[in-house]
Amino acid sequence: MYKIEMHLHVKGTSPCAMTDEKTIAELYKENGYNGIIYTSHYNSALREILGFKYFAEYNDNFRNHYEILKNECGKFGIDVFFGMEFMPDMTSYYNPEAANAEFLIYGATADELLKDGEFLLKKDVGYVRGYCKERGYLFGQAHPFRDIITYRQPEYLDFAEVINGNPRQQSHNDKAFVYAEENGLITTAGSDFHEPQDCNSAGAYLANSVKNEKELVEELKKRRHTVFGD
């Protein structure tokens, strides 16, 4: 079995993330993980909040933290896969008129996804899902029943996060399980790691090990994995 974290944030990519890459690597080694999907927040508002004038700078920062995490985890034999928690402008928390949602994208490399990141943020959810499908990525909704979430369109999803382990949020995972089952979606789970105590609160066991983003997608599509968490 291959133990994987499917939802993790790194300090320096969002004000809510409190833990550096070295500490993350040590924590996940102690808890027996084989892999981590890097899914830091990616949205238009954070570019401004973090003080980046241009998206090129924002993208470089996003990529650099992924590379640092990959290097630190590699010292312990832990694989790190690229991903993001993507929030298009049309479902942004920072837009008072928008229905709110965040999405997880798995399967893309940093080069592939970041080159179109700014462009995709301006598109609607259906367009982004089509973009991902054409390229063989998986597109799913993070914590679809968290209290703040008001947008749910399962026809645009490949998967739903049925267990979110963030202890500071009310994610109503029981509702997410039902939602995924009723709509035939792949199930995923993740700690939604921001702080050290979040480690090991949720994740998945894959039937087989994976070594790159493409293999990760193919394994998830087989639906042989088991999610865990409260």
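In which hand does H1 pass H3? The crossing of H1 with H3 is right-handed, meaning that the near helix is turned clockwise from the far one by less than a right angle. This is a predicted model, where local features need pLDDT of at least 70 and side-chain atom pairs count only at pLDDT 80 or more, while totals for chains, interfaces and linings use all residues. Residues are numbered from 1 along each chain as its sequence is written, and side-chain values use heavy atoms, with hydrogens and water left out.

Let's stay with this helix pair. Helix H1 covers residues 21-30 and helix H3 residues 55-74; helices here are DSSP runs (H or I, at least four residues), as strands are (E, at least two), numbered from the N terminus. Their axes, lines fitted to C-alpha atoms over the stretch in contact, come within 8 Å and cross at roughly 40 degrees. On the H1 side, Glu 21, Lys 22, Ile 24 and Ala 25 meet His 65, Ile 68, Leu 69, Glu 72 and Cys 73 of H3, with contact meaning heavy atoms within 4.5 Å. These residues divide into 5 nonpolar, 1 polar and 3 charged.

Next comes Ile 78, in the loop between H3 and strand E4 (79-86). Ile 78 is buried, at 4% relative accessibility (buried is under 20% relative accessible area, exposed over 50%, partly exposed in between; 1.4 Å probe, protein chains only). Among the residues Ile 78 touches are Ala 25, Tyr 28 and Cys 73.

Finally, the cysteines: there are 0 disulfides, a disulfide being a pair of cysteine sulfur atoms within 2.5 Å. The sulfur of Cys 16 lies 17 Å from the closest cysteine sulfur, in Cys 199, too far for a bond.

Technical notes
Axes fitted to C-alpha atoms, helices over the stretch in contact; angles between N-to-C directions. Nonpolar A, V, L, I, M, F, W, Y, C, P; charged D, E, K, R; others polar. Lists of a residue's contacts leave out its neighbours within four places in sequence.
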